[in-house]
Protein chains: 2
Amino acid sequence: MIKVAVNGYGTIGKRVADAIKQQNDMELVGVSKTRPSYEAMIAIRKGYPLFVPHQSEDEFEKRGIKVAGDINALFEKADIIVDATPGGIGVKYKEQYSKLGKKAIFQGGEKANVADISFSALCNYDEGIDKKYIRVVSCNTTGLLRVLCTINGLAGLERVRATIVRRGADPKETGKGPINSLDLDPVTQPSHHAADVKTVLKDLDIYTTAIIAPTTLMHMHSLEVRTKRDVTKEEVLDTLRNTSRIVVIPLTAEIEGTAEILEVTRDLGRIRGDLYEVAVFEGSIDVRQNLINLVYAVHQESIVVPENIDAIRASMGYKDSKELTDRNLGIMRGELL
Amino acid sequence: MIKVAVNGYGTIGKRVADAIKQQNDMELVGVSKTRPSYEAMIAIRKGYPLFVPHQSEDEFEKRGIKVAGDINALFEKADIIVDATPGGIGVKYKEQYSKLGKKAIFQGGEKANVADISFSALCNYDEGIDKKYIRVVSCNTTGLLRVLCTINGLAGLERVRATIVRRGADPKETGKGPINSLDLDPVTQPSHHAADVKTVLKDLDIYTTAIIAPTTLMHMHSLEVRTKRDVTKEEVLDTLRNTSRIVVIPLTAEIEGTAEILEVTRDLGRIRGDLYEVAVFEGSIDVRQNLINLVYAVHQESIVVPENIDAIRASMGYKDSKELTDRNLGIMRGELL
């Protein structure tokens, strides 16, 4: 039984905590939260032991939120800590993890040098085995890497050009915009995603542009890949359909965008309406000799959840994880519908 | 066993179909869909017999969507039909239901005279018993009536003034706006909601204004009620907390709006992130003698689902339904968290 602590119970942390509860070989020893908000109340309702910063127990208890102990006690209980604190905060906690001799999984909001390796399960699971510190790349980079490593396996990658249309904020982030603008992210391109992809696919020729759009639902990636050998559309479609964590949205489903994709996940009863899989629009797949164009959507809140579960097992020395994770989380392959 | 058909498998129909499957005394004999879209594919995936308009079977079958028969065959199988077709279409189907001698439940998008009575379970369940045709009032009217009948029971209603801030479209309705405007709905006020409330609370002095806002999540109602006798804030809070299908959002949860409410329903694992309950903001409740002000949110996609289930039982002659419906659907009372 791998004892796992989740530090930070926000968008990623609460999903990873729920996913840990779905694994037979893991025990969730607790979660942490710094503020006594509704998310802390939900952790309690789910029966997750809640740990809070030193000397802030009173603030929680006086709102009727039962506290299990302070954060340090949480870390001590764990074999490994999933750091799901906000970007840039994980590196500050690393010192504590290190002092206690604990392994840790960081998120893509941290710089790559926070960990021994940057990790994307379909690309480099084996490199993660026995590593003390692993960084799961961000949602956009996870989406890019799943698709790129899949195409790399089919025909080799010569050059990649991607335009990322990013969601402005998560559904719950009501203080964040834009509500009526398309913004360059950042104003000096390329975006950081190209460099982030190269933390895993080190020598790839890739250029990325990122634009923020006023939506909370998903990201959308417009991708052009020049492959080393010529391929056919059927090969590309078959490969995507046979890759776990990627689903193809069939043209017959008449789905045109992210709102309808998430309507399907709601209808299917997925928890929180989450979509762990990259969703590729069949109608967008255009193949001409060695030039593949396609568009896919990335659910920013949940896509990294299976990768976090895999990263835990890799760090703990397990040779295999992906199939187990897929089965436990009910991950699809083939077609969305 | 009550045999129920659901005519129209869209926003309301698919939720009512799922809710029927959760009732031990009902059998879903099938659902209908006019277009072979992803929602039709989902009905099939859920194992619901799918009926389609006469002579359109081929259109579905050639997309691999298995059809159980034409719509008339669906109606024949049922004791009662829940009409969840788009507003104004139900009345056209009524002739077919009537010819076959079938009972029917209509939605609030139809005019009140489509049915024998307009129905809101907390207000007039008993009036629905044995009625052949029942119209469940719209989402906004259901929200208003749940709160108003509850306050009526506490202290009597003297006068009601409500401003309804409506969502522009449902999440899946990507062709509908506004995306950047506040619109009067309609430009000549009052809105139709006052008259619709009066189809149930016949002599009420009520004035309603409606404004459409660019959001897909929920409606919000700002309500002022002048009661017949003076009340205290504690009485109002206690009454709301002790009424089924109403929940109070505690101030301590730090929830300020609809996005965070639905983040909670997602976290709690509610199917589709639905909230059947009216959610009243504790911090908005202001009581001065016989003047109650409060603000609450209404989940437009799902609030009428329990009322549809109750309407089925009422029409079939059952004396009780509400508690059974609440238990089967996991409906909350008290506080949201």
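Modeller: B:Pro178 sits in the loop between strand E9 (157-167) and strand E10 (183-184) of chain B, and please keep in mind throughout that this is a predicted model.

Colleague: What makes the peptide bond from B:Gly177 to B:Pro178 cis or trans?

Modeller: The peptide bond from B:Gly177 to B:Pro178 has omega near 5 degrees, and it is cis.

Colleague: Why is B:Gln55 called exposed?

Modeller: The cut-off for exposed is over 50% relative accessible area, and B:Gln55, with a relative accessible area of 69%, is therefore exposed. B:Gln55 belongs to the loop between strand E3 (50-52) and helix H3 (57-61) of chain B, and its phi is positive, about 70 degrees, although B:Gln55 is not a glycine.

Colleague: Why is A:Glu254 called partly exposed?

Modeller: Buried requires under 20% and exposed over 50%, with partly exposed in between, so A:Glu254, at 28% relative accessibility, counts as partly exposed. A:Glu254 lies in the loop between strand E13 (246-249) and helix H10 (258-267) of chain A, and its phi, near 55 degrees, is a positive value in a residue other than glycine.

Colleague: How do you know which class A:Arg63 belongs to, and which residues does A:Arg63 touch?

Modeller: A:Arg63 has 28% relative accessibility, and therefore counts as partly exposed. This residue is in the loop between helix H3 (57-61) and strand E4 (69-70) of chain A. Leaving out residues up to four places away in sequence, A:Arg63 touches A:Arg35 and A:Pro36, together with B:Thr252 and B:Glu254 of chain B.

Colleague: What class does B:Tyr207 fall into, and what is B:Tyr207 in contact with?

Modeller: B:Tyr207, in strand E11 (residues 206-213) of chain B, counts as partly exposed because its relative accessibility is 30%. Apart from neighbours within four places in sequence, B:Tyr207 is in contact with B:Arg159, B:Val160, B:Arg161, B:Ala162, B:Gln189, B:Pro190 and B:Ala194.

Colleague: How do you know that the buried residues of H5(A) line one face of the helix?

Modeller: In helix H5 (residues 90-99) of chain A, the buried residues are A:Gly90, A:Tyr93 and A:Tyr97. Seen down the helix axis, they fall within an arc of 60 degrees, and so they line one face of H5(A). On the other side of H5(A), A:Lys92, A:Glu95 and A:Lys99 are exposed. The buried residues pack against strand E1 (2-7), helix H4 (71-77), strand E5 (80-83), strand E6 (103-106) and strand E8 (133-136) of chain A. Just after H5(A) comes A:Gly101, with a positive phi of about 70 degrees.

Colleague: Why are H1(A) and H11(A) called oblique?

Modeller: The axes of helix H1 (residues 11-21) and helix H11 (residues 305-315) of chain A come within 9 Å and cross at roughly 60 degrees. Roughly parallel would need an angle under 35 degrees, and roughly perpendicular one of 65 to 115, so H1(A) and H11(A) are oblique to each other. The contact is made by A:Ile12, A:Arg15, A:Val16, A:Ala19 and A:Ile20 of H1(A), and by A:Val305, A:Asn308, A:Ile309 and A:Ile312 of H11(A). By class, this contact has seven nonpolar, one polar and one charged residues.

Colleague: What makes H6(B) roughly parallel to H11(B)?

Modeller: The axes of helix H6 (residues 121-128) and helix H11 (residues 305-315) of chain B come within 9 Å and cross at roughly 20 degrees. Angles under 35 degrees count as roughly parallel, and H6(B) is therefore roughly parallel to H11(B). B:Ala121, B:Tyr125 and B:Gly128 of H6(B) make the contact with B:Glu307, B:Asp310, B:Arg313, B:Ala314 and B:Ser315 of H11(B). By class, the contact has three nonpolar, two polar and three charged residues.

Technical notes:
Residues numbered from 1 in each chain as written. Chains lettered and ligands numbered in written order. Predicted model: local features only at pLDDT ≥ 70, side-chain atom pairs only at ≥ 80, totals over all residues. Heavy atoms only, no water. Buried < 20%, exposed > 50% of the residue type's maximum accessible area, 1.4 Å probe, protein only. Helix = DSSP H or I, 4+ residues; strand = E, 2+ residues; numbered from the N terminus. Arc of directions from axis to C-beta. Contact = heavy atoms within 4.5 Å. Axes fitted to C-alpha atoms, helices over the stretch in contact; angles between N-to-C directions. Parallel < 35°, antiparallel > 145°, perpendicular 65-115°, else oblique. Nonpolar A, V, L, I, M, F, W, Y, C, P; charged D, E, K, R; others polar.
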